[in-house]
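Please consider the following note alongside the sequence and the structure. The points are set out in numbered order.

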Amino acid sequence: MRDLQNLSGGGLRSARLLAPLAFACLVTAYPFAVSDYLIDIGFFFGIYALLGLSLNIVLGEVGLFDLGHAGFYAIGAYVTAVLNTRYQVPVLVLMPVSCLAAALFAYLVCSPIIHLKGDYLCIVTIGMGEIVRLALINNPFDLTGGPNGVFGIDFPRVGNLLVVDSSIEYYFLVWITVGVSIAGLVSLQHSRIGRAWNCIREDAVAAQATGINVRAYKLLAFVLGAALAGAAGNIYASKLMCVSPESFTFWESCLMFCIVLIGGMGSIPGVIVGAAFISLFPEIFRPFAMYRMLVFGSIMIVMMMVRPGGFWPRKRGAVTLRPLMEDTADGAV
Amino acid sequence: MHLVLEQIINGLTIGSFYALIALGYSMVYGVLKLINFAHGDFFAMGSYIGYTVLVFLVAGATVSMGPWAGMGLAVLTAGVSLMAVGIAVERAAYRPVYRAGRLPAVVSALGASIFLQNVIMLVWGPRYQAYPADLIPAARIHFGDLTVTMLQLVILALSFALMSALYYVIQKTTFGAAVRATAHDRNTAALMGINFNRVIVFIFTLGPALGAVAGVMVGMYYRQISFTMGWNYGLKAFTATILGGIGNLPGAMFGGLILGVLEMLGAAYISAAWKDVFVFLILILVLIVRPTGLFGERTAEKV
């Protein structure tokens, strides 16, 4: 059984490692070469990459239309904001708390609606996202500060030893989180869970017939996706030092949706490309001022004409079995 | 008691806006299985065109022939202009991606929505525009305690007339049968000699026109319009579409009216600030119990 772990060829693996390594080097070197303003743009690229990765679990891996993902992002951000400003809980401690809160929320909200199909699920998630946003605006129990939101969130810090308070430190905080998430998600893709998800995406009935618990795996996708969005919310809240309902509109959910679809469903490099497009494009075309969103919309249309499967679609059927003899030889060593 | 009635009439009024917009969503969804995110922006653009017509082009007509003439001209111009816009958007943004499947079309629709929203912003400016009060009919009618504006009655009558006309076209004419056949099964319909592209042009002519009419009426009813309002109304109207059962035209109409009445009653008796939460909660509850909407047909699942 050990041999099954070694399914892809060695040469292929090193080629596959090269592109991510080059990208990692670029991400690491970038902030040392540019101004604070450009580092902040890199930071938001990272946030959108994280959000894209989180929606990619739900939309890309399992094919569930979720247009309310900003709701989970909001839960993460507000849990951090409220607990930090009221009870002075350190921001870094709150990161897992935010993840758990968003995941728990996803579990509770999605349990009754998970049986809905396609566009019906889509509209219910839209409704869920809107309910979260409207609830934040309406300031329940005087917790969320209404339309103005919550101010004065602390920096992430470990005692006084390490305080994340500059652009470059935030940049690394978010990109390290992205890196860890990618590592986790890649191994998830190749696990039993990832295969079950993809099976459900391709044909839910067939998946059910082969004994996959469709409902449980769909819920798991929502819970994990929400947890990651909650982490993004945590970092976002401490970076901006304030959160308000305006940051978590339906529009934000649509952007995440576009990141996944522009990049390519279920493709992790695709999500990074999609996030780059969404976050960098408006900055690059700043000189065009009022016309840039016009161009942005047109490019989205053109992109779908040219590459309807996304910019970097996921390759399917990557699993190849090696001859049995070779495997046993390897195993004996 | 008359307060309840008044709220119901207000609810029916805004419900008829939702219903008119919802028809556009429902037709496009029925035939293409596409959530047309740009539809709300058709509505907003119609509202702005109506504003321009009313304020700059037909102010003379309004003065000489009364506000109803101005309103009629504004509604007509907005409707006809949006037919052209609808056809152009379909040709430029949707037709090239039909064959690629459903999801690319969703992104394309979002792109079209951003594009249209920014066209509105560039042409009319980012600020709110106000329909001037003296160009809008102000007559009121009293039934005992109950006061209703003439505008509300006209909005209700016009919406009802338009919805009935659409219902007639879709249910009773040969062309309507072609649309229904295409919605039912696109390939078989094509084999029967139905021109798919003509059906699509038809729905992208009527849908945006109905949305534009709703846009002008919203402008007249609330007086204030903004270039981003397409999203809010679009979201509500889409909710109405789903509430009624997606792809089902009478369902969309009733869904819109029910949504409007629920919203107004929720605002009056529960809390104005929480009325939208109330609306979405009802939607979610309805879908949990009836996963295909109130009037949606339960179809056997294809395996």
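1. A residue is called buried if 20 or more other C-beta atoms lie within 10 Å of its own, exposed if 12 or fewer do, and partly exposed in between, with C-beta atoms placed from the backbone. The model is predicted: local features need pLDDT of at least 70, side-chain atom pairs count only at pLDDT 80 or more, and totals for chains, interfaces and linings use all residues. Residues are numbered from 1 along each chain as its sequence is written, while chains are lettered from A and ligands numbered from 1 in the order in which they are written.

2. Helix H6 of chain A (residues 167-189) has 23 residues; helices are DSSP runs (H or I, at least four residues) numbered from the N terminus. H6(A) reaches 32 Å from its first C-alpha to its last, close to the expected 33 Å (1.5 Å times one less than the number of residues). Its buried residues include A:Tyr170, A:Phe172, A:Trp175 and A:Gln189.

3. Helices H4 (residues 91-110) and H9 (residues 214-240) of chain A pack at an angle of about 145°, with their axes 7 Å apart. Axes are lines fitted to C-alpha atoms over the stretch in contact, and angles run from 0 to 180 degrees between N-to-C directions. The residues of this contact divide into 18 nonpolar, 5 polar and no charged (Ala, Val, Leu, Ile, Met, Phe, Trp, Tyr, Cys and Pro count as nonpolar, Asp, Glu, Lys and Arg as charged, the others, Gly among them, as polar).

4. Between the chains, 37 residues of chain B are in contact with 32 residues of chain A (C-beta atoms, placed from the backbone, within 7 Å). H5(B) gives the most to the side of chain B that touches chain A, with 13 residues. That side divides into 31 nonpolar, 5 polar and 1 charged.

Technical notes
Helices (H or I, at least four residues) and strands (E, at least two) are DSSP runs, numbered from the N terminus. Two residues are in contact if their C-beta atoms, placed from the backbone, lie within 7 Å.
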